[in-house]
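Work through the exercises below with the sequence and the structure side by side, and try each task before reading its solution.

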Amino acid sequence: MLADVDDATLLLDAADAARRITPRTRCIIPVHLFGQIADMAAVSALAAAHRLHVLEDAAQAHGATRSGPGGEHWRAGAIAPVAAFSFYPTKNLGALGEGGAVTTRHGALADRVRRLRDHGQAGRHDHVDIGYNARLDAVSCACLSISLARLDAGNAARRRLAAHYRTRLAELPGVRLVAEPTGSAPVHHLLVIRVAAARRDAIRDRLAAAGIATAIHYPRPIHLQRAYAHLGQGPGSCPIAERAAGEMISLPMYPDLTVAQVDRVVAALAAALA
Ligand SMILES: Cc1ncc(COP(=O)(O)O)c(C=O)c1O
């Protein structure tokens, strides 16, 4: 089942997830959405209580950190026993084409994932599992190695820009920011604001007219996608995600953006809101 998000952070609401657990539930998949780590203490406690696996979706969170309730230093992809990263070109760590990685501290699981990505082969012509062709090509790997060395600098730039955005956006009535819990150090894969749903599209049009591209991540929650109709979670089953889907706007965010450009975006947004 798909669970709703917390209204302030837009991260998995563990209390709601608890209500969705059925005898068929095997795993909880918290998404570190927009580059911010989910409430892994709540997720881990829930998983332990119901003997469930946890898989972090770290696709948007390369390098994100958060302190745990006991002062633990959490780093995305190294909190749960297993995590998945995406190297889609637009991600904080992007390849030339498709790509991704699984991180785990369990050797047997790592071996299995390595096999599955290569037609299930443990060695040449020795197929242990029925696998896939999910190998990362050498050129992409070479580029990723270079980009990996630049990841921290890129994330630091995103953090500086996000801090500036947040200060400036706080001046605008009618704009809601995604909350950052104490101890959370997101990597701002996306800079998402929320505005009144009735005005959202007009605001985007005004920004577009000012030459500012925006996007919506995501206009339709997963439980309302046709692919998941079989779950029977129609409209109203995840009300917070549904409302947020109508209110969100992703503003420009990438490491090479300048503070002056952020100011221009905020000025155009202020004019659109007036
Ligand atoms: C949160 C999240 N999970 C999963 C994915 C899927 O990643 P990929 O397209 O590399 O399979 C993405 C990327 O689009 C994502 O943003």
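Helices (H or I, at least four residues) and strands (E, at least two) are DSSP runs, numbered from the N terminus. The model is a predicted one, in which local features need pLDDT of at least 70 and side-chain atom pairs count only at pLDDT 80 or more, while totals for chains, interfaces and linings use all residues. Residues are numbered from 1 along each chain as its sequence is written, and side-chain values use heavy atoms, with hydrogens and water left out.

**Exercise 1.** Find the element that holds Ala-270, and decide whether Ala-270 counts as buried, partly exposed or exposed.

*Solution.* Begin with the position: Ala-270 lies in helix 7, which covers residues 259-273. Next, recall the classes, where buried means under 20% relative accessible area, exposed over 50%, and partly exposed in between (1.4 Å probe, protein chains only). Ala-270 has a relative accessibility of 30%, and therefore counts as partly exposed. Finally, look along the chain: Gly-174 is 96 residues away from Ala-270, yet their C-alpha atoms are separated by 9.6 Å.

**Exercise 2.** Describe how helix 5 and helix 7 cross, and list the residues that meet there.

*Solution.* Two packed helices are described by the angle between their axes and the distance between the axes. Axes are lines fitted to C-alpha atoms, for helices over the stretch in contact, and angles run from 0 to 180 degrees between N-to-C directions. The axes of helix 5 (residues 197-209) and helix 7 come within 9 Å, crossing at roughly 130°. Helix 5 is therefore oblique to helix 7, since angles under 35 degrees count as roughly parallel, over 145 as roughly antiparallel, 65 to 115 as roughly perpendicular and the rest as oblique. As a last step, take contact to mean heavy atoms within 4.5 Å: Arg-199, Ile-203, Arg-206 and Leu-207 from helix 5 then meet Val-265, Ala-268, Leu-269, Ala-271, Ala-272 and Leu-273 from helix 7.

**Exercise 3.** Work out which strands pair with strand 11, and in which sense.

*Solution.* Strands of a sheet pair through backbone hydrogen bonds, either parallel or antiparallel. Two strands pair if DSSP finds at least two bridges between them. Strand 11 (residues 191-194) is joined to strand 12 (residues 248-251) by four bridges in the antiparallel sense, and Ile-193 has Ile-249 as its bridge partner in strand 12. Strand 9 (residues 176-177) also runs antiparallel to strand 11, with two bridges between them, and here Arg-176 has Arg-194 as its partner. Now consider the side chains: Leu-191 and Ile-193 point one way from strand 11, Val-192 and Arg-194 point the other way, and all are buried. In strand 12, Met-248 and Ser-250 point one way and Ile-249 and Leu-251 the other, and all of these are buried too.
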